Amino acid sequence: MNFGQAVRASRLSRKLTQAEVATLAGVSRQAIVLLESNRGRISTLCAVQPHAPIRMSGLPAGQTYGERVRIARGERSISQIAELAGVTANTVRAIEANGGTVTSLARVGLAVSPQATVEPNIYKPRIWKTVHGRTNPNRDIADYYATPAPIARLLLEHEEFEGSILEPCVGEARVIEIVLREHGYVDLHLFDLLGSGHERRDFFDITESYSAIVTNPPFNRHVDFVLHAKRIATKKIALLLPLNYLTGKQRHSEIWDDDQFPLARVLIMNRGVNFLTDDPFAERVTSSQLYCGWFIFDRGHTGPPTMAWVDNHALIARR
């Protein structure tokens with residue numbers, strides 16, 4: 001499989017159009033068309049990769065494609081690799097400097113490492129299975145499961161945000177990012193503990209401020225997550241959490257009893273939500289006994305928090 005085919009397969013698995021990927025990556029739709037025909041620029045591939053991830057195996061580890069090619073070339077000269085790949089020496093130099101096209105990258109990659117292969121990063125059902133002990137060994141450390149898109153849209157039907165928005169658990173599905181963009185939000189900052197490239201960042205290492213934080217945090221570290229979110233958010237925090245988190249002595253003293261950045265509202269969903277889904281972008285979700293709500297913290301709020309019941313029954317798939 002070539003780079004273009006891998007990008008296309010990964011994009012389709014995420015139910016994204018070429019135009020949507022182009023918007024997310026900050027490139028033109030024509031650039032995506034060229035990339036999927038294996039004729040695009042390496043810079044376009046790097047911009048698209050966070051949104052339609054691919055895996056290139058068989059090359060040494062490195063921060064960039066150029067670095068990986070350079071390491072694999074070893075002691076062989078640029079001219080030798082150029083002859084093996086059927087390209088010019090300047091093409092090899094350009095690739096090692098992270099320039100050139102994906103077509104030439106594929107040729108040079110095979111020349112320096114005949115075992116090099118490219119694969120799309122396709123969703124598999126096991127990716128989402130981390131709730132109630134059904135853990136995914138690949139993501140267990142991050143307690144990762146995707147937010148169903150209809151549940152993310154419910155939040156934006158009831159809440160508005162302004163300024164910069166941080167999504168520190170964007171995940172492979174990138175659901176909250178895509179839903180925020182659907183509603184016209186553009187000043188988005190996206191990271192994930194197991195992300196790739198510049199997006200690979202631990203939330204607890206982030207110290208810069210953002211106007212709002214919107215995310216589905218890891219439930220197993222929710223207290224630490226709320227406390228750190230309050231340190232770096234300047235206006236609002238919206239977290240998807242189980243409703244039973246409203247109870248508990250530790251949570252009361254460390255979170256709910258705070259009047260500096262208080263809990264302002266809880267949007268309570270009247271039907272339990274099943275997060276163990278193959279397709280987080282499905283229009284309907286299956287039900288479960290996991291009852292959740294969107295917890296809204298507002299630095300400008302005064303008085304006790306309010307609760308609003310959100311009817312998500314119409315979103316539940318019929319069995």
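This is a predicted model: local features need pLDDT of at least 70, side-chain atom pairs count only at pLDDT 80 or more; totals for chains, interfaces and linings use all residues.

Student: What share of the residues counts as buried?
Tutor: Of 319 residues in the protein chain, 53% are buried. Buried is under 20% relative accessible area, exposed is over 50%, and partly exposed is in between (1.4 Å probe, protein chains only).

Student: OK, helix 6. Which of its residues are buried?
Tutor: In helix 6 (residues 78-85), those are Ile-78, Ile-81, Ala-82 and Ala-85. They line one face of the helix, because seen down its axis they fall within an arc of 100°, the arc being that of the directions from the helix axis to the C-beta atoms.

Student: And what is exposed on the other side of helix 6?
Tutor: Glu-83 and Leu-84 are exposed there.

Student: What covers the buried residues of helix 6?
Tutor: The cover includes helix 5 (65-73), helix 7 (89-96) and helix 8 (102-112). Contact here means heavy atoms within 4.5 Å. Just after helix 6, Gly-86 has a positive phi of about 75°.

Student: Switching to Thr-147. Where is it found?
Tutor: Thr-147 sits in the loop between strand 2 (117-120) and helix 9 (149-158).

Student: Buried or exposed, and why?
Tutor: Thr-147 counts as buried because its relative accessibility is 6%.

Student: Which side chain does the Thr-147 side chain make a polar contact with?
Tutor: That of Asn-216, at 2.9 Å. A polar contact is a pair of N or O atoms within 3.5 Å; within protein, one must be able to donate a hydrogen and the other to accept it, and residues adjacent in sequence count only if both atoms are side-chain atoms. Not counting residues up to four places away in sequence, Thr-147 also touches others, including Val-175, Leu-240 and Phe-275.

Student: Last one: what does Ser-10 touch?
Tutor: Leaving out residues up to four places away in sequence, Ser-10 touches Ala-52, Pro-53, Pro-120, Asn-121 and Ile-122. Ser-10 is in helix 1 (residues 3-13), and it counts as buried at 0% relative accessibility.

How values were computed:
Residues are numbered from 1 along each chain as its sequence is written. Side-chain values use heavy atoms; hydrogens and water are left out. Helices (H or I, at least four residues) and strands (E, at least two) are DSSP runs, numbered from the N terminus.
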